[in-house]
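Subject: The two-chain model, with notes

Hi there,

Here is the structure I promised to pass on. Please open it alongside this email, and my notes will follow below.

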Amino acid sequence: MSSQLPLQSATSQQPNSSFISPLVEVCQLCVSFDERVVLQDITLEVRRGETLAIIGESGCGKTVLLKSLIGLIQGQSGTVRFDGVDLCKTTSAELAQLRTRTGFVFQGAALFDSLTVAENIAFPIRQSNSNIASDTVLCDEDIMSLVTESVREVGLADNVCQRYPMEISGGMRKRVAIARANILNPDLMLYDEPTTGLDPIASDVINELIMQSRLQHTVTSVIVTHDMKTARKVADRVIMFHPIDRLAGEDAQVIYDGPPSLLDRHADLRITQFIHGEAGQRVTELSEG
Amino acid sequence: MNSVDTTVTPTTPPNALRSHSLLRNITDSCTNFTLQLGDLTLFTVQILKWFFRRKMRPGTLVNACFQIGVLSLPVIALTGLFIGMVLAVQSHFQFSQIGMANHMGAVINMTLVRELGPVLAATMLAGRVGSAMAAELGTMRVTEQIDALESMGINPIHHLVLPRVVAALLLIPTLTIMADFMGIFGGFAYSYLALDVDPHLYFQYSRDFVGGWDLLTGLIKSLFFGCTIAIVSCYYGFHCQVGAKGVGRAATAAFVISFVLILGVDLLLGMGLDRLFLPLQSGGNALI
């Protein structure tokens, strides 16, 4: 299922990337809620250092897949391996340890509203402090200087630190969420619709931050998005999902896996309609139920 | 449209259909109740597991204690005070008719320390704190804050639920004592100032009838109530459905189920404790 096409930009700079095992491997994953199947036989891999964009219509299971990658949602069958470790076979302590190597930017930012911006960003550090030996624990001053540094990296002013999430705009919240997710320099960054609900400029700021974070340290990123501009700008590879209930016969749910540059040349009507944002016959289909 | 349907279908009598539907509803309700009970039990087991597995961060416990204990004090004190006074009004009306107005201190204080103090403190706690806990956790669930915690490798039961349960368990006896004290004070003040009851006799009869065991019974009950409120409220908040409606439902369910369970647990403990500790009760020292 995974593409054999050469990767572009940052990924191609990595030596022998084709011989290195993928960071995340998904094999025949099926996820359903009650009787509604959302993901059916999904097989894909995310290579180390690459930025993978997952696109597709609303309700096709993109976010479910993203959450499955770190075990937030358990599939009914199939396996998800993170750095060679099968998430279904790990203990809760091992899973928690693996998750500290990931950063997750949620669609609504999911900042803790009882904490200030600075406390939100410092939260993962303080939690990891409580799990490590006392001689390596960071003191409050060090934590605050790291927080200030990361706030500046995402283009926010220092005075934002003492404000609560409800007191800042949606774009700023997204940037704080990126700063929080990046604070421990994770191996894997997961972005759930990072530009949804933002104006074009704020969206591009987020795109730039995603690209900037991979320049600062080697990070593998998976981005779930509807925004084709984001997918084209930041992704090395694009995977497109199609909703199960709209699939014909035995069609696979993954209808595209390749570089973003080839999306435009694809003949599949489902893909061309999506990337150009054309409803086609959809209005008629929806009215007919 | 006008074609005649020639197929013969066996007709089911309407009464049978109604019974079938009723039976299905009962079965569904029983299944849901059993599933929810099982889920609640597993949730409680998880809380216990995390209590023994890992120490809580002091900050989270202190914050929960402040929210549950300190902020509940005024409302619980006020409730206790008024209940004491209401009991004095009602008892005086009854007791004065049989010339035993001086005995009402025993009835008021016994009622307060054994029943009304713990039950009212728990009810106020369920209303003020339980609903708030469910709404807060529910909102965190809906806005993916609980998922965010999990994505950082933090167990949400350990981080969010355990401090609330421990704080409720630690502080409800204190709140109950406050409700008892304010009730006793309110009952006495109203009896003495408004009803002209002899203060010496009021406390003399109280001392004869109300013992240390009565107070202890109330405090034991309060521990069970506190545990019930915290677990039920966190459970409903934790398993909140999406949207504002889901959060509202979780908050309502947290209070209603906690209240019903408080009454049920009160009845069971009322029956059980006296039977279990009868020898201790008869030998208990007079407290008041």
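Let me start with a question: is helix α4(B) largely enclosed by the rest of the structure or left open? It is largely enclosed, because 31 of the 39 residues of α4(B) are buried. Please keep in mind that this is a predicted model.

**Chain B**

While you have α4 of chain B on screen, follow it along residues 104–142 and you will see a bend of about 55 degrees at L112(B). After α4(B) comes E144(B), which has a positive phi, near 65 degrees. For context, most residues other than glycine have a negative phi.

Chain B as a whole has ten helices and zero strands. Its radius of gyration is 25 Å, well over the 19 Å that the globule rule gives for 288 residues, so chain B is more spread out than a compact globule. The C-alpha trace of chain B spans about 90 × 55 × 35 Å along its principal axes. Of the 288 residues in chain B, 43% count as buried. If you look at contacts in chain B between residues at least 6 apart in sequence, 89% of them join residues at least 24 apart.

From I177(B) to G99(B) the separation is 78 residues in sequence and 31 Å in space, C-alpha to C-alpha.

**The six-stranded sheet of chain A**

Now to chain A. Six of its strands form an open sheet with mixed pairing, in the order β6-β7-β8-β3-β9-β10. The edges are taken by β6 (102–105) and β10 (254–258) of chain A; each has a single partner strand, so one side of each is left without a neighbour in the sheet. On average, neighbouring strands of this sheet are turned by 15 degrees against each other, direction ignored.

Two helices of chain A pack on this sheet. Helix α6 (residues 170–182) of chain A touches β6 and β7 of chain A, and its direction makes about 170 degrees with that of β6(A). Helix α7 (residues 200–216) of chain A touches β3 (51–56), β7 and β8 of chain A, with a direction about 165 degrees from that of β8(A).

Strand β7(A) deserves a look of its own. Five of its five residues are buried, so to speak a mostly covered strand. L188(A), L190(A) and D192(A) point one way from β7(A), while M189(A) and Y191(A) point the other way. On one pairing, β7(A) runs parallel to β6(A), joined by four bridges, and there G103(A) has M189(A) as its bridge partner. On another, β7 (residues 188–192) and β8 (residues 220–224) of chain A run parallel and are joined by five bridges. In β8(A), S221(A) stands opposite M189(A), and I223(A) stands opposite Y191(A).

In the loop between α6 and β7 of chain A you will find N185(A). Its phi is near 45 degrees, a positive value in a residue other than glycine. N185(A) counts as exposed, with 12 C-beta neighbours inside 10 Å.

**The four-stranded sheet of chain A**

Chain A also has an open sheet of four strands, antiparallel in pairing and ordered β2-β1-β4-β5. Here β2 (36–46) and β5 (85–86) of chain A stand at the edges with a single partner strand each, so one side of each has no neighbour in the sheet. Strands β1 (residues 24–33) and β4 (residues 77–82) of chain A pair in the antiparallel sense over five bridges, and C27(A) has T79(A) in β4(A) as its bridge partner.

The loop between β4 and β5 of chain A holds D83(A). D83(A) has a positive phi too, near 50 degrees, and it counts as partly exposed, with 15 C-beta neighbours inside 10 Å.

**Where the chains meet**

Finally, the interface: twelve residues of chain B are in contact with 15 residues of chain A. The side of chain B that touches chain A has three nonpolar, five polar and four charged residues.

Best wishes

Technical notes. Residues are numbered from 1 along each chain as its sequence is written. Chains are lettered from A and ligands numbered from 1 in the order in which they are written. This is a predicted model: local features need pLDDT of at least 70, side-chain atom pairs count only at pLDDT 80 or more; totals for chains, interfaces and linings use all residues. Two residues are in contact if their C-beta atoms, placed from the backbone, lie within 7 Å. Ala, Val, Leu, Ile, Met, Phe, Trp, Tyr, Cys and Pro count as nonpolar, Asp, Glu, Lys and Arg as charged, and the others, Gly among them, as polar. Two strands pair if DSSP finds at least two bridges between them. The radius of gyration is taken over C-alpha atoms; the globule rule is 2.2 Å times the number of residues to the power 0.38. A residue is buried if 20 or more other C-beta atoms lie within 10 Å of its own, exposed if 12 or fewer, and partly exposed in between; C-beta atoms are placed from the backbone. The bend at a residue is the angle between axes fitted to the seven residues ending there and the seven starting there. Axes are lines fitted to C-alpha atoms, for helices over the stretch in contact, and angles run from 0 to 180 degrees between N-to-C directions.
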